[in-house]
Amino acid sequence: MADNTDVIVNPKEDIVDPWTVQSSSEKGVDYDKLIDQFGSMRISDDLIKRLEKVTGKPVHHFIRRGIFFSHRELEMILEKYENKQPFYLYTGRGPSSEAMHLGHLIPFICTQWLQETFDVPLVIQLTDDEKFLWKDIKDPDQTYKLAYENAKDIIACGFDINKTFIFSDFDYIGGCPDFYKNICRIEKNVTFNQVKAIFGFNGSNNIGQVSFPAIQAAPSFSSSFPLIFGGNTRVPCLIPCAIDQDPYFRMTRDVAPKLKFLKPALLHSVFFPALQGAQGKMSSSDPTSSIFLTDTQQEIEDKINKYAYSGGGATLEKHRKKGGDLDTDVSYQYLRFFLEDDAKLDRLGKEYKAGTLATGDLKKELIAVLQKIIGDHQAERKKVTDEIVKQYMTPRRLNYKY
Ligand code: TYM
């Protein structure tokens, strides 16, 4: 997705789908409008309170700060949890490049928090088939290899090895007839006209692309994992992802009742902006648009100093007089994602807005935060051996309560 992003200069309307994220405003996508357009629900303060009551702990700062801002049927999942009935988490990654960027981390960080908080099983789909079908790649082995590389970055996020199954589509479709049968059930119940309307496919899409949505839909149903759930075909599913993936799951929720399957619940995040500003999405094919998990400490510093769009005044004098614009300032926006300390974020925001904190000083704060996060991530990734990857990627019964 991120690598196939079409760059549309100054579109009149926001465009958000699995391939394109472009905004008509430098403040980024209008998420309120998107909620109306997609028909999802905003995560309300009451829902956050309920989450805290049910789990007995404060929500993750991504939820508190509205970074995860929208959902579908999260209440149903909380109700199950309150009634001591199981649910599972499902998320994924399209392995199109060796290096994942900071934006890709967002759903995985949230999913790790959810797994730890609710103590539930998790399945992670690596769509090596999707990336082969969409990208200019001649050999499926290329994306298959990238899936294994990306698995290391995902494992480094700290998922429970006894409760997590990571799979490549090439492996799992070949290895699990129940998964492939569910894919075929979905394919049979979704027409070409429907996918044309949802995804904008047309006569020039290859036929693999046209049927791929069924493959991303199938892990939403526990019957796709007979070994993992010990044959329980009615375990409900919660999917954390950025909102660009929602079209896949609107289709999934539409088709589920026809198959007598449970509709998956969803938790949607906003987009982590590109260094150049919130109008576009980060792209793995443009190294100046993003911070990668493989960047060195020096590269992080250089990229922030050189490319992070500033919402500050054009000169220091103007900045001191008029102050900075927090909505468009990329360094401040990045700190909202990654600086956990609420009081410090609040102080930096106020000072920057008032013009008493200069852009260079705000960038310095961000550089320190990101160098620590990426340095820690790289240290964790180094510990992930091939043996550990194999354990996560072996289909097996996962531990779950109830
Ligand atoms: P992919 O590899 O493009 O992205 C992986 C996950 O990261 C999210 N994401 C972002 N989140 C915040 N800010 C950004 N700038 C940003 N860029 C990407 C994506 O929404 C996604 O959650 N087709 C999928 C793989 C997939 C999947 C899934 C994703 C298969 N099954 C189930 C989510 C849930 C893809 O190519 O993701």
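**Pockets, sheet, helix**

Guide: In this predicted model, the largest pocket holds about 580 Å³ of space.

Visitor: Which residues are closest to the centre of that largest pocket?
Guide: I109, C157, F338, E340 and I373. They belong to a lining of 19 residues.

Visitor: And which helices each supply at least two residues of that lining?
Guide: α3 (61-64), α5 (102-118), α15 (330-338) and α17 each do. The largest share is from α17, with six residues.

Visitor: How does the lining of the largest pocket split by class?
Guide: There are 10 nonpolar residues, four polar and five charged.

Visitor: OK, second largest pocket. How much space lies in it?
Guide: About 490 Å³. Its lining has 24 residues. Nearest its centre are K27, Y31, V270, Q333 and R336.

Visitor: Which elements each give at least two residues there?
Guide: α1 (31-38), β11 (277-281) and α15. The largest share is four residues, and it comes from α15.

Visitor: Switching to strands. What's the order in the seven-stranded sheet?
Guide: It runs β3-β4-β9-β8-β5-β6-β7. The sheet is open, and its pairing is mixed.

Visitor: Which strands sit at the edges?
Guide: β3 (41-42) and β7 (164-168). Each of them pairs on one side only.

Visitor: How do β3 and β4 pair, parallel or antiparallel?
Guide: Antiparallel, over two bridges. β4 covers residues 68-72.

Visitor: Let's go to α13. Which of its residues are buried?
Guide: I300, K303 and I304 are buried in α13, the helix of residues 297-307.

Visitor: Where do those buried residues fall, seen down the axis?
Guide: Within an arc of 95 degrees, so they line one face of the helix.

Visitor: Last topic, A358. Where is it placed?
Guide: A358 is in the loop between α16 (342-354) and α17 (359-382).

Visitor: Is A358 buried or exposed?
Guide: Buried. Its relative accessible area is 11%, and the cut-off for buried is under 20%.

Visitor: What does A358 contact, leaving aside neighbours within four places in sequence?
Guide: L316, H319, R320 and Y352.

Visitor: How far apart are A358 and C184?
Guide: They are 57 Å apart in space, C-alpha to C-alpha. In sequence, 174 residues separate A358 from C184.

Key: Residues are numbered from 1 along each chain as its sequence is written. This is a predicted model: local features need pLDDT of at least 70, side-chain atom pairs count only at pLDDT 80 or more; totals for chains, interfaces and linings use all residues. Side-chain values use heavy atoms; hydrogens and water are left out. Buried means under 20% relative accessible area, exposed over 50%, partly exposed in between (1.4 Å probe, protein chains only). Contact means heavy atoms within 4.5 Å. Two strands pair if DSSP finds at least two bridges between them. On a 1 Å grid over the protein atoms alone, a cavity is a set of points where a 1.4 Å probe fits but cannot get out, and a pocket is an open set with protein on both sides within 12 Å along at least five of seven lines; lining residues have an atom within 4 Å of a point. Grid points are joined across faces, edges and corners, and a volume is the space filled by probe spheres set on the points. Ala, Val, Leu, Ile, Met, Phe, Trp, Tyr, Cys and Pro count as nonpolar, Asp, Glu, Lys and Arg as charged, and the others, Gly among them, as polar. The arc is that of the directions from the helix axis to the C-beta atoms.
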